[in-house]
Amino acid sequence: MALAFEQALRLILAHAAPLAAEDVELDHLVGRIAAEDIAAPYAMPRWDNSEMDGFAVRTADCHPFAELSINGYLPAGVGAEQARVQPGTAVRIMTGAPIPDGCDAVVPVENTAHDNEHVMLKQRVGVGDYIRFRGSDMQAGEIMISAGKLFRPAEVNLLAAFSRLRAKVYRRPRIAILSTGDELVPPGQTPGPGQIIDSNSYSLAAAVRETGAEAVHLGIAKDNAAALRARISAGLQADILITSAGVSSGDRDLVREVLNAAGARLLFWKVNIKPSGPVAFALKGKTLIFSVPGNPVSSMIAFDQLIRPAILQMMGHEKIIRKTVTAKLSAPLLNETGKLRFLRVRVVETEQGLTVASAGDQNTGMLSTMIRAQGIVALPPECDRLEAGAQVEVQLFDACAFAYRPFERPER
């Protein structure tokens, strides 16, 4: 009996624990997940400094149109002792320069009129104006990056600012990909009668790399037990093995038989979904094994819905399910399968908001429909039809697949 989708996903994720941590250099951290809390070793900024190019002053001397003598200059990169603000004077100061003794505010240069000797203030000045105080960004000992945090350019910038050159992140899984079938030939080879070009292994490898994991091609195994045994044995050395085709009920669908002989423990081999129903999940030691259908769209949907979340969880991600947006159907969607149906859809922005419609023919051999789609709408088994005007949740393949107008982004 086919397993419900939610049960299948829970079962997979229960066996997809985050991998061990490894120490990675600063230049290679982006896209990785922190495996440790990282605390600030000292306060940031390390000293009071100026937010603006302008003049360091004493607020006691400042009122609109006050005129002060300029008695010093502090560029960035020098010590505060290079100048002092005396009563009735100002010090010319650059952005980032330390605040000199006697100063309790900075006046931006655009709020003044000045020459080389005097500065006139155009506005009232308050204590602390335009000063970045020591520790105002980060206190010493404060957790600046928590375990589970994704390293983006901002996190890399923060580590570099503290001169931290390495960090512990979860290891990237190594994922082996095997295509099976006598009819397959590799890209670049002219197919003969009845042969087709293996595209699945390349789309699966691309999807793996898109998550940040490492993809390893195992090539094509013909439909015989000896060929399958050799390549599956190699694949079982990886963190995850994905096989394409050879897992349904045909006489020559030998993948399950070979996996069983290799000692793999089958947890399920059918899920109540369309497409991608004949998908199998097994374990051999710590290796997760997925066998996906041979139809191109089925293999991609199986990866997206069942394998991608497991990979992300193994890499330490907290958010493992695709972002969704709410949109209104512009045409009916049909599901007469009695299964959870993943429909490829197009998302369009209109003056009234986001609308969604089928991307075209939902046959699992129609790659063009996958190309045109911006996302997936999942219709539950009990829903055989949704009418135009209904609100649906769309899983976006790419959050930037279509443009939002500024200030009108759906909050999800």
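Modeller: The description below begins with the strands and then turns to the helices. The model is a predicted one. Its open sheet has six strands in the order 16-13-17-21-20-18, and the pairing is mixed. Strand 16 (214–221) and strand 18 (265–268) form the edges, each pairing on one side only. From one strand to the next, the twist averages 20°. Strand 17 (residues 240–244) and strand 21 (residues 287–292) run parallel and are joined by five bridges.

Helix 6 (residues 296–314) lies across strand 13 (174–180), strand 17 and strand 21, and runs at about 170° to strand 21.

Helix 6 also packs with helix 3 (residues 200–211), the axes being 10 Å apart and the angle about 25°. Because angles under 35 degrees count as roughly parallel, helix 3 is roughly parallel to helix 6. The crossing of helix 3 past helix 6 is right-handed. On the side of helix 3, the contact is made by Asn200, Ser203, Leu204, Ala207, Val208 and Thr211. These meet Pro296, Ser299, Met300, Phe303, Arg308, Ile311 and Leu312 of helix 6. Of the residues in this contact, eight are nonpolar, four polar and one charged.

Key: Residues numbered from 1 in each chain as written. Predicted model: local features only at pLDDT ≥ 70, side-chain atom pairs only at ≥ 80, totals over all residues. Heavy atoms only, no water. Pairing = 2+ DSSP bridges. Helix = DSSP H or I, 4+ residues; strand = E, 2+ residues; numbered from the N terminus. Axes fitted to C-alpha atoms, helices over the stretch in contact; angles between N-to-C directions. Contact = heavy atoms within 4.5 Å. Parallel < 35°, antiparallel > 145°, perpendicular 65-115°, else oblique. Left-handed = near helix turned anticlockwise from the far one by under 90°. Nonpolar A, V, L, I, M, F, W, Y, C, P; charged D, E, K, R; others polar.
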